[in-house]
Amino acid sequence: MTPEQARQMIKDILREIAPDCDPDTLPGDADLRDSLELDSLDFLNFVEELAQRSGRRIDEDDYPKLATLASGAAFLAGS
Amino acid sequence: MSPRRRPAAPAARQAASPPAAARQPVMHNEPGGSAAHRTDLLRQMLLIRRFEEKCVELYSAGEIHGFVHLYIGEEAVAVGVNQALTPDDAIVSTYREHGHALARGIPMTAVMAEMYGRTTGCSGGRGGSMHLFDAQTRFYGGNAIVGGGLPLAVGIALTDRMRGRSRVTACFFGDGAVAEGEFHECLNLATLWQLPVLFCCENNLYAMGTALARAQAQTDLAVRAASYGMPAWAVDGMDVLAVEQAARHAADAVRGGGGPHFLELRTYRFRAHSMYDPDRYRDKAEVEEWKRRDPIDALAARMREAGELAGDTLAAIDADLTGELTDAIDKARGGPLEPVSDLTRFVYSPRQP
Amino acid sequence: MPALGADMEQGTLVEWLVKPGDQIHKGDIIAVVDTDKSAIEVESFHTGTVEALITPVGETVPVGTVLATITETEAEPARPGAAEAGRPGAVEAGRPGAVEAGVPAAMGAPAAAAAGPAAMGAGPAAVEAGRPAAAGAPKGKRAPGKRAPGRARPGRTPAPAGPAAPVHSTPLVRHEAGQLGVDLAAVHGTGRGGTITRADVEYAAASRRVRATPLARRLAAELGVDLGTVTGTGTGGAVREADVRRAAAAGAPAAQQPPAQPPAAAAAAGQAPHAGEAGRPATAGRAGTAGRAESMRQAIARLMARSKREIPHYYVTNTVDMGTAMSWLRERNRRLEVSQRLVPAALLLRATALAARQVPELNGYWGEDHFVPGPAVHLGVAISLRGGGLITPAIHHADDLAPGELMAKLRDLVNRARAGRLRSSEMTDATITVTNLGDQGVESVTGVIYPPQVALVGFGKIVERPWAVNGLLGIRPVVVTTLAADHRATDGYTGGRFLTAIAQLLQRPEEL
Amino acid sequence: MTGSGPGKTTYREAMRAAIREAMLADERVFLMGEDVGRYGGCFAVSLGLLEEFGPERIRDTPLSESAFVGAGIGAAIGGMRPIVEIMTVNFSLLALDQIMNNAATLLHMSGGQFSVPLVIRMTTGAGRQVAAQHSHSLEGWYTHIPGLRIVAPATLEDARGMLWTALADPDPVLIFEHGSLYNMAGVLAPDAGAVDIDSAVIRRPGTDVTLITYGGTLGKALDAAEALAGEQIQAEVIDLRTLRPLDDETVMASVRRTHRAVIVDEGWRSGSLAAEVSARIMEQAFYDLDAPVERVCSAEVPMPYPRHLEEAALPQVPAIVEAARQAVG
């Protein structure tokens, strides 16, 4: 998965979880939970969806890596 | 049906039998006793008679309503008494007052219109049969509370007395009123204050359905009035000339400062108390007996006897009256009804702005 | 049309999930109704065959309107304690105002759908649930020509009562109804097989009309205050001028709701994803329309104003060491798939549910003048909606659920709440409510009780703080727990016991 | 005429001054009634007037209420301006026929031809231990009758000023003088004169509750208002003054301000004037009411003789205060 694909995937999922927000306008380094007002359950949904679509395991310890668009894309594209 | 009772003696003699013809006054002694005057009296009585007969017809036809008390048989009283009154005098009357009103000179059109409840009626339609009023002729009603008019008459007379005016207030009431407290209060007060009231008691022997003797301990009503200290005497109320003569005598005395006077006018109503009633309280024979003394027939007979009434005069008068009556009915029927929006008029006087 | 909240006067039928001839069971979802608050699933309280669908899709009808008729195949035994569950509601609905909203008395009180509001709980709605929802879920045969008269005031919405003939009641009950002037045909029975009990009759008699002075009524209309939410201080609890003015000043609530959104419009503004997931066309109205947000705001305003007006709150606070709990959680989650993992909130809810069982004085309702214990621990969870507003559905029997189950329920509830797909019963029976503002980063929240509940538990963010244990200072994750409680029902001591219980439970997460 | 203190006038003297002034001003005016002349009036209102005006204009009558009240009516339609005094309201029933069937109806029955400019004065009310045939407050009955104007002077000014206005009225006016007021003394302005007989007045302004009363209970209502002020309840006191036709405007304006009303009426509660006022408030100010209208009336019993029972039967200050508290809540 390229970083661009990863970024797109994250955006798609975020659109579903927070339909009133446009992730395209988000700066890459903005904190997702703060910017999109995601609570812990939203975030859990996000992580779950991400894990399912990307096919990779995401541990709790990985959560900090999903804090921003940029770091999340890097995390998914990495490995 | 219970057996009819004849009034017990001695009242029976006095009350239920017409006065004997022999007691009738002699014509040539009467004041203003011209043939023309007597023809006028006859005409006035006939006018009342025809008016009342028409009322029966109109009432039966549903054109006029309410309580309607007819004067048929008693015409001589109203017509006779009125001969003694001047236009300045006042009349306080009862609910059987069509005759009083007509004799007083209230136009027949206004009285008939009142029967029809039209604004052209003498009370503007508000009063109806029992409450005829006319300021023009000082006719103070039309009082349908038995005895209720007496205090009014006393008060009107008190005014004349206090204002120093030489006027008479003639107060009509029936024999039933003699049983009321107001009768005694007023005769007492009028005498006490020497007020110019002419009390005219129309004794037709029945207070509605109660015979005089069944309601009064003393059936000689003049005697009772006299007990208050006022001149009082009984008159044959079926004889208009006798009534006139007595009324003139009394009215002159009242006018001259003699205080109240009392006339018991013995008369009879030929019809029911109010339009129709079962008439179970009096004997048909008694009614027939009184009818033979019909005041109109009586006067006409005497005038014919005296050669004062030509063969066709009465018929001519009658035809004349019928025309007048027809005209009055036509006018009454065409008279305006008061708009309902005026319903609460005449409760209080119009206020000055 | 079930009353899904005190302020609900009408609802729009969005979707039928059954058709005539379908066999249905008690608890089955049979329709979706759009209120000014949310699309809500209507469940059947009866087992039987759908006879006829009476209200067409898209139609907005007053509360109390018969939506469908169901021929009961057999009367199911009433849920034990159902009558008890109804009690507080009865009391609540008996308050002045229950009827004022124009809904039949049985629909009574508070706002379920509308109620979501309060920063807290699904309380009052819950209370009503027992009764009103029943009215909404059509049952029984509708006797031809015999339409049960609604108890709405004449001249208002024509509101035929849900339940129709035949009326089951005992002679004693019929006698009492006669004495009290109650029309049995308009009474919802809570007894076995829908039998009308004495309590139902008394409830109906008590809830017929708000006692209010003429001036109070006029002012309420002018100021847009719903008399049903106003506490009367006059003779016999009559609402008077001053009461209405106080309510108005406190921001109480329009008596008239804006008309419900037409389904299509609502759908256009709707949130797609979860609707799709639910496998149903996304026609159901969803939260987020301006009108709904506004009316939700009003409903929240009304309810919270009432709470602060009526309930003498007391507050206790405790800071809990979450070190053990967070370690346990991390360890547990490490072994699990994302979908199985717990969030800390699940532990907090679990601890709260167990504490509520231990301290039952805080789990229930305030009736006319006394506390009525809840039939079980139904934990109301305040869920904020995207785009504003709040909804507080209940997790039923939360004290019987293991943390995993609780977590699953919570996720389901949150998803459905945000999708506008809550069930009527979830809207109406919380016995105690939790608000957790930790996700928003605040350290503590001191809440407003959701009437007629008597307690509201608040959790702040779990933060690391210097913490002294056994004379040694360390860094520990801690959470500030607060309790807002009704002083009429309990005293601070009870509140203290409750918070201590939560703290102790959180020290042994493995036992949760 | 001297009052009970320096510069002071009694209600009785104010009433007498009013009669005297009317007699001097209009020769059509005269006074008649039982014992108004030589005796000086049952309550000494007309004391000295016989000597001044003579027996023609200060007329003692026999004990015949119907005759002399009716005579007053006759004199009025005849052109006089009679003042008829009836000793007490209980005796007025003997003249009720004349008052109802003639005074109130003649104008109407005659289609507006005969108005009745008559004034009838009578004493009303209890409080003097004169038992069950001299104590009642029946003015409420008279207020039922269209065609009459009913007034109740409760102050020196009204005692002094209502009569002249009543005499100037073209229709019958009944003046009800509460027996307990005759000795009431106060300072009356030397130029006190005619007052209107159309309107109610606010005797004490207030904001929280309206006490509506008239005649003999005005003082009690004012006392009650004073007591209520001590409890921070500001009561407005309205003196109806004219009981028929009622001045709805003043009453409603007050009730619309205070939102609460207590009616104090010495009549019996059932079918009372208080009931009428209450009904009108319901009709005209219903949506301004913040409490049910309260009534403080006499107990439904013929007036007993013993003082303690008489007091118990009558509206008293504590009952008025309690009713006001009830209304205010």
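**Exercise 1.** State the mean pLDDT of chain A.

Solution. The mean pLDDT (the predictor's confidence in each residue, from 0 to 100) of chain A is 83. In chain A, 99% of the residues reach 70 or more. This is a predicted model, in which local features need pLDDT of at least 70, side-chain atom pairs count only at pLDDT 80 or more, and totals for chains, interfaces and linings use all residues. Residues are numbered from 1 along each chain as its sequence is written, while chains are lettered from A and ligands numbered from 1 in the order in which they are written.

**Exercise 2.** Describe the side of chain A that touches chain C.

Solution. Contact is defined by C-beta atoms, placed from the backbone, within 7 Å. On this basis 14 residues of chain A meet 16 residues of chain C. Helices (H or I, at least four residues) and strands (E, at least two) are DSSP runs, numbered from the N terminus. Helix H3 (residues 40–54) of chain A gives the most to this side, six residues. By class, the side holds seven nonpolar residues (Ala, Val, Leu, Ile, Met, Phe, Trp, Tyr, Cys and Pro), six charged (Asp, Glu, Lys and Arg) and one polar (the others, Gly among them).

**Exercise 3.** Which strands of chain C stand at the edges of the open sheet?

Solution. The order of the five strands is E6-E1-E3-E4-E15 (chain C), with mixed pairing; two strands pair if DSSP finds at least two bridges between them. Strand E6 (60–62) and strand E15 (422–423) of chain C are at the edges; each has a single partner strand, so one side of each lacks a neighbour in the sheet. Within the sheet, strands E3 (residues 29–34) and E4 (residues 39–43) of chain C pair in the antiparallel sense over five bridges.

Definitions and conventions
Two residues are in contact if their C-beta atoms, placed from the backbone, lie within 7 Å.
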